[in-house]
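Q: I'm new to this one. Could you take me through how the chain is laid out and then look closely at the salt bridges?

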Amino acid sequence: MNAGLDNLIPGFTETKSVYPSPDKAVLKILTGPGNGRIFPLDKQSMIIGREKPPEGSADLDLSDCELGEIPMISRRHAEIRWAGKNLEIIDLGSLNGTWVDGKKLEPISLLCEPNYFILKYGTNIRFANLEAEITNRPTLE
C-alpha cells in the first residue's frame with residue numbers, strides 16, 4: 001500500500017494489476033436470469049458449459065443462467081485455465097461460439113495447436129448469447 005503517496009509525490013500513481021490472480025478473479029454473469037452471479041476462478045482448469053449428467057462435466061455450470069428456453073451454451077463450451085500467472089480461455093468447439101471483447105475465438109481443432117486467449121480484469125466474454133466479464137472477487141467491508 002502506498003498510504004496515499006500519489007498525493008505526496010508528484011508524478012507518482014498507484015498501479016493496480018490488470019491481470020487477474022487465482023485468489024481474486026471471478027467470472028461475473030452480466031445478462032439473463034443469472035445476472036450478477038459470480039463464479040470463482042480459483043482452480044487450475046475450469047470447463048464452462050451445461051451440467052447434464054452423465055454427458056456433462058462442467059466445472060462452471062451456466063445452464064440456469066441461460067437466456068431463452070433453448071440451450072445455446074454447449075455442455076463443454078469453453079475452458080478457462082491458469083497458465084503460470086496468466087488466465088487463459090479457449091473455445092472447446094462449441095456450436096454457438098465464444099467471443100472475447102467482441103472477437104470470436106477460433107474453436108479448438110485436432111489439426112492445429114490450441115489458441116488460448118489471455119484474459120484481464122474487465123475482459124468481456126460472450127458464451128453463445130450470455131455475457132460475462134472477468135472481475136475482482138467482491139470484498140466485505
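A: Starting at the N terminus, the elements run α-β-β-β-β-β-β-β-β-β-β-β, which makes 1 helix and 11 strands in the chain. Helices here are DSSP runs of H or I with at least four residues, strands are runs of E with at least two, and both are numbered from the N terminus. This is a predicted model, where local features need pLDDT of at least 70, side-chain atom pairs count only at pLDDT 80 or more, and totals for chains, interfaces and linings use all residues. Residues are numbered from 1 along each chain as its sequence is written, and side-chain values use heavy atoms, with hydrogens and water left out.

Among the elements, helix 1 (residues 5-8) has the lowest mean, 43, while strand 10 (residues 124-127) has the highest, 98. Over residues 1-15 the pLDDT is below 50, and that stretch has 7 contacts in the model beyond near neighbours in sequence. A contact means heavy atoms within 4.5 Å.

Six strands, in the order 2-1-11-10-7-8, form an open antiparallel sheet. Its edges are strand 2 (38-40) and strand 8 (103-104), each pairing on one side only. Two strands pair if DSSP finds at least two bridges between them, and strand 7 (residues 98-100) meets strand 8 over 2 bridges. Trp 99 has Lys 104 in strand 8 as its bridge partner.

The other open sheet has 5 strands in the order 4-3-5-6-9, with mixed pairing. Strand 4 (60-61) and strand 9 are the edge strands here. Strand 3 (residues 45-49) runs parallel to strand 4, paired over 2 bridges, and Gly 49 stands opposite Asp 61.

On to the salt bridges: a search of the whole structure finds 5. The term means a side-chain nitrogen of Lys or Arg within 4 Å of a carboxyl oxygen of Asp or Glu. Side chains of opposite charge can pair when their charged atoms come close.

One of the bridges joins Asp 59 and Lys 43, with the closest N and O atoms 3.9 Å apart. Asp 59 sits in the loop between strand 3 and strand 4, and Lys 43 in the loop between strand 2 and strand 3, 16 residues apart. Asp 59 is partly exposed because its relative accessibility is 36%, and Lys 43 is partly exposed too, at 44%. For these labels, buried means under 20% relative accessible area, exposed means over 50%, and partly exposed is in between (1.4 Å probe, protein chains only).

Glu 66 and Arg 50 form another, their closest N and O atoms 4.0 Å apart. Glu 66 lies in the loop between strand 4 and strand 5 (78-83) and Arg 50 in the loop between strand 3 and strand 4, so this pair ties together parts 16 residues apart in sequence. Are these two residues buried or exposed? Both Glu 66 and Arg 50 are buried.

Then there is Glu 88 with Arg 81, where the closest N and O atoms are 2.9 Å apart. Glu 88 counts as buried because its relative accessibility is 11%, whereas Arg 81, at 26%, is partly exposed.

Definitions and conventions:
pLDDT is the predictor's confidence in each residue, from 0 to 100.
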